[in-house]
Amino acid sequence: MTGSGNNPVKQAPKPWGLFLCAGFRASKFTLRPFPILFPSFVNRILTTNEQLTVSNMSSQSGLPLFLGQLIRSPRNISAIAPSSMALARQMAAELPTNRTGPVVEFGPGTGRITQALLEAGVAAQDLHAFELNEEFVQLLRRSFSDIHVHHKPAQDLGTLGLDQVRAVVSGLPLLSIPGAIQREILGAAFRAMGAGGVYIQFTYGPKSPVDEQVAQELALTYTKSRRIWGNLPPATVYSFRSNMV
Ligand SMILES: C[S@@+](CC[C@H](N)C(=O)[O-])C[C@H]1O[C@@H](n2cnc3c(N)ncnc32)[C@H](O)[C@@H]1O
């Protein structure tokens with residue numbers, strides 16, 4: 001196991017890994033370094049995702065910043081572009097309607113899902129975002145001045161003393177995060193939510209992004225959304241519940 005910082009990763013980086021999303025890491029798609037071979041194709045992907053994603057954002061899209069940070073820290077970001085608003089809105093649509101309380105967002109990046117959560121009616125003062133990347137933290141603080149932006153890893157959620165959290169909405173690259181760290185992250189999330197809490201996570205891959213052992217330990221069950229084709233790459237949203245809390 002290699003890696004550094006708060007998200008040690010399971011594998012050494014591949015030269016083409018920059019342009020591969022985490023969801024495809026372990027699948028046959030890993031063998032397709034097409035973006036490097038066809039840079040104009042990459043440009044088209046990014047342009048399309050940009051059109052998909054920025055139409056309803058009042059602030060700057062953050063795409064150049066996202067790409068810059070992707071180059072600096074590919075393992076922590078593990079996506080070729082920010083999520084589209086279609087995906088972000090699907091994440092927000094999974095918020096439980098039978099609970100109140102603070103909403104926690106993990107890995108907001110440039111704030112697409114943050115934007116969708118606010119649009120869905122989450123009060124700014126109830127929204128707590130945990131982001132590792134300092135540049136993203138600064139952008140988020142500029143774009144969403146009323147939410148709580150914590151420059152901390154997701155696994156530090158417990159240090160805030162929040163309880164009865166309504167839901168945890170995660171844009172973390174879970175497939176790139178080893179089981180031990182996933183255990184800390186999901187454990188902290190379900191402790192903060194208590195019984196009935198929902199952990200909402202998107203993935204590009206074909207199956208649940210949570211490590212199987214962690215899922216067993218936390219007695220997780222899930223529902224999943226239809227595939228969101230209006231995102232590059234297409235993604236699915238999983239909503240996890242735990243029978244252990
Ligand atoms: C795939 S990007 C998703 C960004 C954004 N949510 C979106 O959907 O466009 C993953 C984000 O998670 C952040 N991240 C990675 N590991 C983290 C951790 N342990 N705690 C908090 N943020 C983390 C990265 O800095 C990056 O902003």
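Gln-164 is partly exposed, with 14 other C-beta atoms within 10 Å. For that label, a residue is buried if 20 or more other C-beta atoms lie within 10 Å of its own, exposed if 12 or fewer, and partly exposed in between, with C-beta atoms placed from the backbone. The model here is a predicted one, where local features need pLDDT of at least 70, side-chain atom pairs count only at pLDDT 80 or more, and totals for chains, interfaces and linings use all residues. Residue numbers start from 1 along each chain, as its sequence is written.

Back to Gln-164: its phi is positive, about 50°, although it is not a glycine. You'll find it in the loop between strand 3 (148–150) and strand 4 (167–170). Helices (H or I, at least four residues) and strands (E, at least two) are DSSP runs, numbered from the N terminus.

Ser-78 also isn't a glycine, and it too has a positive phi of about 50°. Is Ser-78 buried or exposed? It counts as buried, because it has 26 C-beta neighbours inside 10 Å. Here's how the two residues line up:

| Residue | Phi | C-beta atoms within 10 Å | Loop |
|---|---|---|---|
| Gln-164 | about 50° | 14 | between strand 3 and strand 4 |
| Ser-78 | about 50° | 26 | between helix 4 and helix 5 (85–93) |

Now for the strands. Strand 7 (236–242) is mostly covered, with six of its seven residues buried. It pairs with strand 5 (residues 198–203) in the antiparallel sense, over five bridges; two strands pair if DSSP finds at least two bridges between them. Within that pairing, Phe-202 has Val-237 as its bridge partner in strand 7. Strand 6 is joined to strand 7 by five bridges as well, and these two run antiparallel. There, Tyr-222 stands opposite Phe-240 of strand 7.

The loop between strand 6 (220–224) and strand 7 holds Pro-233. A cis peptide bond links Leu-232 to Pro-233, with omega at about 0°.

Finally, the ligand. Which residues come nearest to it? Of the 24 around it, they are Pro-82, Ser-83, Gly-107, Gly-109 and Gly-171. A residue is near a molecule if its C-beta atom, placed from the backbone, lies within 6 Å of it. Helix 4 (74–77) and helix 6 (112–119) are the elements that give two or more residues to this shell. By class, the shell has 13 nonpolar, nine polar and two charged residues. Ala, Val, Leu, Ile, Met, Phe, Trp, Tyr, Cys and Pro count as nonpolar, Asp, Glu, Lys and Arg as charged, and the others, Gly among them, as polar.
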